[in-house]
Amino acid sequence: MTENAPHTDDVSGPRAGLPVSGGEGPGPLEVVEVRHGLFGAHGTGDTSGYGGLVRPVAMPGPAARPYGGWFDDVVDLLGEVLAESGSSLGAAVEKVVVDPPGPHAELTLHVRREHLVAVCQALRDEQDLRFELSLGVSGVHYPHEAGRELHAVYHLTSVTHGRSLRLEVSAPDADPHVPSTVGVYPANDWHERETWDFFGLVFDGHPALARIEMPDDWPGHPQRKDYPLGGIPVEYKGATVPPADQRRSYS
Amino acid sequence: MSTSTGAQAPHATGPDAGFDDAPMFEASGGDWADIAAEAADLGEERIVVNMGPQHPSTHGVLRLMLEIDGETVREARCGIGYLHTGIEKNMEFRTWTQGVTFCTRMDYLAPLFQETGFCLATEKLLGITDDVPERASIIRVLVMELNRVSSHLVCLGTGGNEMGATTIMTLGFTAREEILRLLEAITGLRMNHAYVRPGGVVQDTPVGLADQVRSVLPKLRSYLVQLGDLMLANPIFKARLVGTGHLSLTGCMALGMTGPVLRSAGLPYDVRKTAPYCGYETYDFDVPTSSDADCYGRAVVRIEECYQSLRIVEQCLERLDATDGQPVMVADRKIALPSQLAIGTDGQGNSLEHIREIMGYSMEALIHHFKLVTEGFRVPAGQAWQTVEAPRGELGVHVVSDGGTRPYRAHFRDPSFNNLQAVAAVCEGGQVADVVVAVASLDPVLGGVDR
């Protein structure tokens, strides 16, 4: 399924008709979802004739050089710094994604988790990179991506050079461990606690990885996709409105 | 109220191992004198005090755990999460347009910043950042800057109130009321506006708004002058704030501080200047800084920022006059709702011409409108990150789309959430009374912290 880059025509806006994600670059696509049918109707309710439709959804694929702007410089320099410390860009960075297309593109480095701290250290300390401000960690749960279900996304900003980029690491659900970056960016302390709390990602080496938003004895990690939203049906004048997570989805 | 040794309080989840012998005092329905007497009997100098989550000086439901030795704070820790409402998760079950209605409720003192940040991120994914009409961006800047002033006024006002200066509080809230009236005139609501939408804003400003704002600006300036007169040279105020809650630039950078806290340490970092959005690069304004790195410096920076925001508001008014009648929503009918609401003679918002069209002439237009409202629009798969300069610092919005009609994930990097990490740094080693001042200078809003 991964070799079929999805060309959905139902993407609205100026990118209508374009591939949902960049399929031109090398490497496999990151399929995060496979949709069946249309109109959110499943089972016997679907009389639309589209019941057999299968559409894979992939995230933007790896970009090919040149990435454009300062992106190439930063990636090259990161590679040099990593090489000095005995590692290499290829070993540390799985792929480089430049998305969305156009003048507002953002740089995402998909980093292998064992190299995360070294990459952060290099990005912070090298004077021509100097991403000294970490704006936190955000977790994302992709249950469809077998072996890479849990992602942690780090948003780094360079005040010195006026740049910002994103690091993304993934961990399988069976082994939800990512090294902690608190040693490099102390600001990530609470952000990593939040990501542990909501997604169950364990940040190894974090000084006190306790829950932060939910009570200490809370079961489960609420922002994972397999955790229900909750809610009760509301009845009004004889009609019943189901809770938000049981309503028809058009995605 | 009792001294319990090893006994489990009814609300506790279980005794911590190793703390079974620690005496515990519960201050519910008792007299502080009795608790103090019991503590004195123990002869312990270092005690742990829970401040909050219901303490009036904690801006909502912040819980501070202070280990104090006499009047000195030895350790300070924060407990948050009492206001967690799962807004981010809820947004995954609504359309992109409905998401605005949710994220506006996070930081309830700065709702328009969450709305704008979320919409800018969505527009980035849609690829329509440059298609947003100029007038929509002007209106966004106008409401955000008015909102920044109102948020700073609450910060300064409540900060004064917590030190016992009620006049500062009443003055701050009276001035804020003027701004809330303006925001109500523009958006229809005083708070939780849901006014900014992906692609623009929901409706144009009402007739005569520019004059209304212009008539309020002198009043706002006079309130700000009064606030400055009451605070900045006041010996009591200065005695409480100067040198309190010190956080150097090094500490700020390590802890990821942004906004007035960072600028009070001397770094003029402002997203409006470093990574402009909504056309901020075309406005003329300064970024005030201080080199005091203390609570007093933060108060000065906030007051100065209010004046700068009013400067931007004036420029917005000129541009609004120049762009009168221009669209406030992208032209793409796959994103913009086809109706343009206007307030009718009955005081209700409606779009009679559009209703006549869809009910009388065009069934296709009716279907299109229905699908756009119920399904929403599709956003190409990918992720985007957008930061805006909120009153409390850099607000980051991370949105992920799976190509569907709902956000796959929406994460808000709330500045107060991050800034609260500095509580230990600004409180430890100081007096208990200074904790209130130091926390107030960070200006946390727990609705944004817990989301």
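Predicted model: local features only at pLDDT ≥ 70, side-chain atom pairs only at ≥ 80, totals over all residues.

Q: At what angle do α4(B) and α5(B) pack, and how far apart are their axes?
A: The angle is about 145°, and the axes are 8 Å apart. Helix α5 of chain B covers residues 134-162.

Q: Which residues make that contact?
A: From α4(B) you have B:Leu112, B:Phe113 and B:Thr116, and from α5(B) there are B:Arg140, B:Val143, B:Met144 and B:Asn147. By class, that contact has 4 nonpolar, 2 polar and 1 charged residues.

Q: Which strands does α4(B) lie across?
A: α4(B) lies across β10, β11 and β12 of chain B, and runs at about 150° to β10(B).

Q: What order do those strands have in their sheet?
A: The order is β10-β11-β12 in an open sheet of 3 strands, with antiparallel pairing. β10 and β12 of chain B are at the edges with a single partner strand each, so one side of each has no neighbour in the sheet. On average, neighbouring strands there are turned by 15° against each other, direction ignored.

Q: How many bridges pair β11(B) and β12(B)?
A: They pair over 6 bridges, in the antiparallel sense. In that pairing, B:Gly396 stands opposite B:Arg413 in β12(B).

Q: Switching to the interface: how many residues of chain B are in contact with chain A?
A: 51 residues of chain B, in contact with 48 residues of chain A. Elements giving two or more residues to the chain B side include α4 (111-126), β10 (382-390), β11 (393-401) and β12 (407-413). The residues on that side divide into 18 nonpolar, 19 polar and 14 charged.

Q: And the largest nonpolar core, which residues have the most contacts inside it?
A: A:Val119, B:Val143 and B:Val423, in a core of 170 residues. α5(B) gives the most to this core, with 13 residues.

Q: What is B:Val423 in contact with, leaving aside its neighbours within four places in sequence?
A: B:Leu64, B:Ala76, B:Cys78 and B:Val439. B:Leu64 also stands opposite B:Cys78 in β5(B).

Q: How many bridges join β4 of chain B to β5(B)?
A: 7 bridges, with the two strands running antiparallel. They belong to an open sheet of 3 strands in the order β3-β4-β5 of chain B. The edge strands are β3 (46-51) and β5 (72-79), each pairing on one side only. Neighbouring strands of this sheet are turned by 20° against each other on average, direction ignored.

Q: Which helix lies across β4 and β5 of chain B?
A: Helix α17, residues 432-442 of chain B, running at about 150° to β4(B).

Q: OK, over to chain A. What do β3(A) and β4(A) form?
A: A hairpin, with 6 residues between the strands. A:Gly102 in the turn has a positive phi of about 115°. The strands run antiparallel and are joined by 6 bridges, and A:Val97 has A:Thr108 in β4(A) as its bridge partner.

Q: Where does A:Glu94 lie?
A: A:Glu94 is in strand β3 of chain A. Leaving aside its neighbours within four places in sequence, A:Glu94 is in contact with A:His110 and A:Arg112.

Q: Why is A:Glu94 classed as partly exposed?
A: Because A:Glu94 has 18 other C-beta atoms within 10 Å, and a residue counts as buried at 20 or more and exposed at 12 or fewer.

Terms used
Residues numbered from 1 in each chain as written. Chains lettered and ligands numbered in written order. Pairing = 2+ DSSP bridges. Helix = DSSP H or I, 4+ residues; strand = E, 2+ residues; numbered from the N terminus. Axes fitted to C-alpha atoms, helices over the stretch in contact; angles between N-to-C directions. Contact = placed C-beta atoms within 7 Å. Nonpolar A, V, L, I, M, F, W, Y, C, P; charged D, E, K, R; others polar. Core = buried A, V, L, I, M, F, W, Y, C linked by C-beta atoms within 7 Å.
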